[in-house]
Amino acid sequence: MHFSVILRVIGLLVMVFSVSLIPPIMVSLIYDDGALYAFLYAFGVNILGGFLLWFPVRNERGELKIRDGFLVTVLFWTVLGLFGSVPFFLADHPDLTFTDALFESISGLTTTGATILTGIDDLPKSILFYRQLLTWLGGMGIIVLAVAIMPMLGIGGMQLYRAETPGPVKDTKLTPRIAETAKALWYIYATLTSVCALGYWIAGMSLFDAICHSFSTVAIGGFSTHDDSIGYFNSVAIEMICTFFMIVSAFNFALHFYAWRHKSVWHYFRDPEARFFLLILSSTVILSTLVLAMTSTYDWGTSLRFAVFESVSIATTSGFGTSDFSSWPHFLPFLLIVTSFVGGCASSTGGGMKVIRILLILKQGMREIQRLIHPNAVIPVKVGGKAIQERVVSAVWGFFSAYLLVYVVLMIGLMATGLDQVTAWSAVAATLNNLGPGLGDVASSFTNVSDPAKWMLCFSMLLGRLEVFTLLVLFTPMFWQK
């Protein structure tokens with residue numbers, strides 16, 4: 001592997017990331033919120049740290065191979081989480097330990113939305129803005145942004161894109177050149193964010209809240225500038241806008257690209273993954289509405305309103321809230337958490353295992369049943385009328401197995417720190433699926449979780465964001481062999 005080239009890339013990307021501290025600095029100056037020096041010092045730390053990584057190997061050149069791409073991706077998300085935590089650690093309010101600052105930073109960058117903060121309404125405006133900005137940058141993946149400028153760095157970006165892109169099929173490009181693909185994705189991403197912010201502002205949010213919430217809505221991050229999340233505004237219009245953009249952001253961004261290029265929306269309804277995703281959402285909404293109304297938890301109108309928002313929020317792994325779903329009756333809290341395992345579509349900003357994988361697993365299961373009846377028949381797994389390669393089907397089963405194994409190990413680890421079974425189960429689901437809220441002691445925040453548990457959950461968030469294998473492959477001896 002080209003370690004010197006990898007260090008050069010990491011140093012450059014950290015220096016690029018330091019630019020993200022300029023907007024919070026401007027916000028702090030506008031509101032005079034007392035957090036200015038924390039961001040100025042953090043800016044200096046990021047610039048200096050990136051420079052020290054880059055300068056000794058500044059003249060190194062080389063093409064990144066597959067293993068290099070995996071290592072850069074994992075290192076960058078780890079290093080970025082570390083550098084991103086500096087403002088939280090240096091700020092007087094909130095007064096966070098290093099572990100808490102790192103947890104909040106990684107949670108934002110991985111679009112998990114799990115928080116250790118309380119009294120969010122009273123935090124400095126620049127801190128609030130920075131949390132949302134971290135989520136927005138992590139939503140599409142700052143490495144995809146870096147891919148767009150890789151030609152200027154003299155380094156090919158395809159291997160980074162392969163490691164970063166969520167979903168079972170990694171080789172599909174929207175445009176012939178990978179840099180153009182990354183730029184197209186970011187144009188779509190920025191456009192959705194702008195339209196979402198405008199909608200929020202028209203619906204009654206302040207300009208600051210509209211911008212901040214548009215960041216975390218399109219990123220499917222779930223961070224809010226208020227303790228009561230979207231429920232703070234108590235507005236049906238705002239909830240409808242939020243619901244719409246959560247669904248749109250959970251679709252495969254390739255569908256948005258084709259909609260933009262061909263000026264058509266019919267392909268959304270023809271796409272099997274999108275149809276299956278909408279089926280899951282509608283089924284969850286209907287079931288939740290019926291249970292809430294028939295148990296007299298709310299009246300029918302309120303039941304529908306809360307069921308729609310919470311079902312979409314949890315199923316897309318956004319994590320926004322208008323009601324405390326953890327206190328809902330019967331099986332509903334468990335059901336909603338389970339839907340987060342499905343998550344969003346491939347190549348979306350959503351978390352979870354991705355809709356296409358679940359669809360392939362179900363079709364593979366149906367094929368095995370058919371084989372029991374016709375053992376000699378050749379029955380391909382098809383999606384949208386097209387046969388899926390056996391290698392892809394096998395990879396999906398491998399991913400599913402690894403996902404469940406990691407889940408069980410992390411849950412046992414959390415229980416070993418003293419958490420009860422419900423809290424441990426939901427905490428792993430909330431972080432591995434990049435969801436945010438859980439059940440039990442982590443229903444509202446992760447403040448009361450011990451430091452060892454927080455470190456495990458940070459690892460869980462990175463595993464979820466990098467889709468397990470990208471991170472686990474680094475722990476195999478074969479990866480490091482020449």
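## A patch of negative charge

Where does Asp227 lie? Asp227 sits in the loop between helix H11 (207-218) and helix H12 (236-250). The model is a predicted one. With a relative accessible area of 40%, Asp227 is partly exposed. Asp227 also belongs to a surface patch of negative charge, together with Asp121, Asp122 and Asp228.

## Salt bridges across the chain

The structure holds seven salt bridges. One of them joins the side chains of Asp100 and Lys454, at 2.5 Å from N to O. This pair connects distant parts of the chain: Asp100 is in helix H6 (residues 98-109) and Lys454 in helix H21 (residues 451-465), 354 residues apart. Asp100 and Lys454 are both buried.

Glu467 pairs with Lys354 in a salt bridge, with 3.0 Å between the closest N and O atoms. Here too distant parts of the chain are linked: Glu467 is in the loop between H21 and helix H22 (469-472), and Lys354 is in the loop between helix H17 (332-342) and helix H18 (355-373), 113 residues apart. Both Glu467 and Lys354 are buried. Glu467 forms a salt bridge with Arg357 as well, the closest N and O atoms being 2.9 Å apart. Arg357 lies in helix H18, 110 residues from Glu467. Arg357 is buried.

## Cysteines without disulfides

How many disulfides does a search of the whole structure find? The search finds zero. For Cys345, the nearest cysteine sulfur is that of Cys242, 17 Å away. Cys345 counts as buried because its relative accessibility is 1%, under the 20% cut-off. Cys458 is buried too, at 4% relative accessibility.

Definitions and conventions:
Residues are numbered from 1 along each chain as its sequence is written. This is a predicted model: local features need pLDDT of at least 70, side-chain atom pairs count only at pLDDT 80 or more; totals for chains, interfaces and linings use all residues. Side-chain values use heavy atoms; hydrogens and water are left out. A disulfide is a pair of cysteine sulfur atoms within 2.5 Å. Buried means under 20% relative accessible area, exposed over 50%, partly exposed in between (1.4 Å probe, protein chains only). Patches are made of residues with over 30% relative accessible area and no salt bridge: like charges are joined within 9 Å, nonpolar side chains (Val, Leu, Ile, Met, Phe, Trp, Tyr) within 5 Å. Accessible areas come from the Shrake-Rupley method with a 1.4 Å probe; for residues, only the protein chains shown count as cover. A salt bridge is a side-chain nitrogen of Lys or Arg within 4 Å of a carboxyl oxygen of Asp or Glu. Lys and Arg count as positive and Asp and Glu as negative; His and the chain ends are not counted. The place of a charge is taken as NZ of Lys, CZ of Arg, CG of Asp or CD of Glu. Helices (H or I, at least four residues) and strands (E, at least two) are DSSP runs, numbered from the N terminus.
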